[in-house]
Amino acid sequence: MIRFENSVNVDRDPSTVFNFVVNFETLPKYDRYVISAQRTSTGPIGVGSTWTHTRTQGPQKIVAPIKLTEFDPPRRFVMESRSGGFEVRSTMTFEPSGDRVTKVTEVLEMKTKGLTRLLEPMIKRQVPKQGAEVHKRLKEVIEAHPAS
């Protein structure tokens, strides 16, 4: 299993950051590995809400579902995704860290199976670099918009 944890401080309140991140249609704005993301469920966002997203993994394009399995706004959510040889679980927490600053922490757990297991050592090396890049870009994108 691959496990990665990363945090970033974003100069916005927890509700603003949570609401931006939990709407997975925003993924392409800050994750350069995500080509597109669309909501596939209706109603308010909460446990059971679903999206589908297309991402690159090396030279491959992967289409994978996203499902919210835990939802505690504006503090925490858990999403799960499965596709081919991957099972991913991401736990996101949003903690106040000073005046209108939010500490965003992601714990990413990834299981590989089948032939994908052969790529696990390479993936283990890539995940921390990609994760740090995504969190840095998340901070930039959110902070580029005026605080409300």
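This is a predicted model: local features need pLDDT of at least 70, side-chain atom pairs count only at pLDDT 80 or more; totals for chains, interfaces and linings use all residues.
Let me start with the strands. Strand β3, covering residues 50-57, pairs with strand β4, residues 60-72, in the antiparallel sense over eight bridges, and within that pairing T54 stands opposite V63 in β4. Two residues lie between the strands in this hairpin, where G58 takes a positive phi near 65 degrees. Strand β4 also runs antiparallel to strand β5, residues 76-83, and five bridges join them; here E70 stands opposite V78 in β5, and the hairpin that β4 and β5 form has three residues between the strands.

Now to the charged side chains, where the structure holds 14 salt bridges. In one of them the side chains of D31 and R55 meet at 3.7 Å, N to O, and this pair links distant parts of the chain, since D31 sits in the loop between α2 and β2 while R55 belongs to strand β3, 24 residues apart. D31 counts as buried because its relative accessibility is 7%, which is under the 20% cut-off.

The side chains of R32 and E133 meet in another salt bridge, at 2.4 Å, N to O, and this pair connects the loop between α2 and β2 with helix α3, the two residues being 101 residues apart. R32 counts as exposed, at 59% relative accessibility, whereas E133 is partly exposed, at 26%.

Finally, D72 and R75 form a salt bridge at 3.1 Å, N to O, and elsewhere salt bridges that share partners join E70, R76, E80, R82, E87, R89 and E109 into one network.

Terms used:
Residues are numbered from 1 along each chain as its sequence is written. Side-chain values use heavy atoms; hydrogens and water are left out. Two strands pair if DSSP finds at least two bridges between them. Helices (H or I, at least four residues) and strands (E, at least two) are DSSP runs, numbered from the N terminus. A salt bridge is a side-chain nitrogen of Lys or Arg within 4 Å of a carboxyl oxygen of Asp or Glu. Buried means under 20% relative accessible area, exposed over 50%, partly exposed in between (1.4 Å probe, protein chains only).
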